[in-house]
Amino acid sequence: MTCYYQNRNKVCAFLVLFLCVALQKQWASVAAVELGNWMYLGMHGMSALQHPDLFMLGSKDRNSAAGICNQITGLSSGQKKLCMLYTDHMMHVGRGARNGITECQFQFRHHKWNCSTVEDSTVFGPILSIPSKEAAFANAVASAGVVHSISRGCRDGQLASCGCSDARRPKDLKNEWIWGGCGDNIHYGYKFAKNFIDIREREMSVQRGGDDHGRQLMNLHNNEAGRRAVIQNMKVTCKCHGVSGSCSLITCWQQLAPFRKVGDHLEYKIEEHTSELQSHHDLVCRLLLEKKKYIKKLRTVYTHYPRELSDTHHDK
C-alpha cells in the first residue's frame with residue numbers, strides 16, 4: 001500500500017511539472033506573439049522592402065511617415081518614434097534584419113534548430129523568449145546586421161543624416177599614404193543601431209533583481225556583442241593610383257568586412273562561451289548568478305571598448 005501511494009505521488013508530481021512546463025511554453029508563445037519583434041521588418045510582406053520609394057531620402061512628410069511606421073508590425077512605441085524621425089533608415093534596418101536572419105540560418109544549418117522562421121511578427125516563434133544560445137545568437141547577429149547595413153547606407157549616400165566615415169587616421173598607416181576616400185560610417189551605424197534596437201529593452205518596466213531584469217540585461221549584452229563584432233572585423237582598404245599601374249599614390253579608407261565573416265565571428269564566440277553548459281538548467285542558473293552582479297559585469301564587459309571606433313583592429 002505504501003509503495004502504491006509513493007508511486008501515485010510521483011505520478012502526480014510529474015503531471016504537475018508537465019502541466020507547469022506546458023503552461024510556461026504556451027504563455028511564452030502568446031506573449032511573444034502579442035509583443036512581436038522588430039526583426040519582422042526584414043521578413044516578406046513589409047512595405048519598407050517592397051516599396052522603397054516610400055522611404056526616399058529626405059522625406060519631410062511627417063503624416064506619411066507616421067502612417068508608414070504605424071503599419072510596421074513588431075515595433076515598440078520607442079522604435080515607432082525613431083521610425084518617424086528617421087524614416088529613410090527603415091529600409092536599411094529591414095535589410096540588416098533580413099541579412100541577420102539569413103546568416104543565422106546559415107550558421108545554424110546543421111543544428112536541431114536552424115533559425116527557421118514562422119508566419120507571424122515573432123519571426124522565430126517563442127524561441128527568443130527562452131534564455132538559450134540560439135536566442136543569444138539570433139539577437140546578436142540581427143543587431144550586427146543593422147550596424148552593417150546602416151554604415152554602408154551612409155557611405156553610399158542613401159541616408160540624409162550621415163555620410164562617409166570621419167574615422168581618424170590609423171597610427172600604423174605609412175606617412176606617404178593618403179587617408180581619405182569614402183569609408184563605411186561605422187560610428188554612425190553603431191550609434192543608430194544601439195538606439196533603435198536597445199530602446200525596446202530599456203522602455204520595458206521590470207523589477208530590479210527579478211528574472212525579467214536578468215533577461216533584459218542579457219538581451220542588451222547580446223545586442224552589444226553583435227554590434228562589437230562588426231567593429232572588431234573592420235579593416236583598412238587601400239588602392240593604388242597612377243599611370244600604367246605605377247602606384248604613385250595610395251589612398252586608404254575604413255571598410256566593413258563581409259557579413260559572413262561577422263557571422264563566423266559570432267558563431268565562434270557563442271560556441272566558445274556555451275561549451276561548458278550542459279543543460280538549460282545550468283544556463284538559467286548562470287544567468288541568475290550573473291545578474292546579481294550586473295553592474296560589475298557590465299563594467300567588465302565594456303572595459304575594452306575602444307575610445308575611438310576607428311582605432312579598432314585593422315587588416316591591411
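The model is predicted, so local features need pLDDT of at least 70 and side-chain atom pairs count only at pLDDT 80 or more, while totals for chains, interfaces and linings use all residues. Residues are numbered from 1 along each chain as its sequence is written, and side-chain values use heavy atoms, with hydrogens and water left out.

**Disulfides**

Start by selecting the cysteines. A disulfide is a covalent bond between the sulfur atoms of two cysteines; here the term is applied to a pair of cysteine sulfur atoms within 2.5 Å. The structure contains six of them. Counting bonded cysteines along the chain, the pattern of links is 1-2, 3-4, 5-6, 7-8, 9-12, 10-11.

Select Cys104 and Cys115, whose sulfur atoms are 1.8 Å apart in a disulfide. Cys104 is in helix 5 (residues 90-107) and Cys115 is in the loop between helix 5 and helix 6 (133-155), so the link joins distant parts of the chain, eleven residues apart. Helices (H or I, at least four residues) and strands (E, at least two) are DSSP runs, numbered from the N terminus. The torsion about the S-S bond of Cys104 and Cys115 is about -50 degrees, which makes the disulfide left-handed. Cys104 is buried at 0% relative accessibility, and Cys115 is buried with a relative accessible area of 0%. Buried means under 20% relative accessible area, exposed over 50%, and partly exposed in between (1.4 Å probe, protein chains only).

Next select Cys154 and Cys162, a disulfide with an S to S distance of 1.9 Å. Its S-S torsion is about -95 degrees, so this link is left-handed. Both Cys154 and Cys162 are buried.

Then go to Cys238 and Cys252, joined by a disulfide at 2.1 Å from S to S. The angle about this S-S bond is 105 degrees, and the link is right-handed. Cys238 belongs to strand 2 (residues 235-241) and Cys252 to strand 3 (residues 249-255), 14 residues apart. Cys238 is partly exposed, with 32% relative accessible area, whereas Cys252 is buried at 0%.

**Helix 4**

Select helix 4 (residues 77-85) and colour its buried residues: Gly78, Gln79, Leu82 and Cys83. Viewed down the axis of helix 4, these buried residues fall within an arc of 145 degrees, so they line one face of the helix. The arc is taken from the directions from the helix axis to the C-beta atoms.

**Aromatic rings**

Now show the rings of Phe, Tyr and Trp (its six-membered ring), which pair if their centres lie within 6.5 Å; planes under 30 degrees apart count as stacked, over 60 as edge-to-face and the rest as tilted. There are six aromatic pairs. One of them is Trp113 with Phe124: the ring centres are 5.5 Å apart and the planes at 75 degrees, so the pair is edge-to-face. Trp113 and Phe124 both lie in the loop between helix 5 and helix 6, eleven residues apart in sequence. Trp113 is buried at 17% relative accessibility, and Phe124 is buried at 4%.

Move to Phe192 and Phe196, where the ring centres are 6.0 Å apart and the planes at 10 degrees, so the pair is stacked. Phe192 and Phe196 are four residues apart in helix 7 (residues 186-202), about one helical turn. Both are buried.

**Charges over a ring**

Finish at Phe106. The charged end of Arg109 sits over the ring of Phe106, 4.0 Å from its centre. The charged end of Arg260 also sits over the ring of Phe106, 3.6 Å from its centre. Such a charge is NZ of Lys or CZ of Arg within 6 Å of the ring centre and within 35 degrees of the ring normal.
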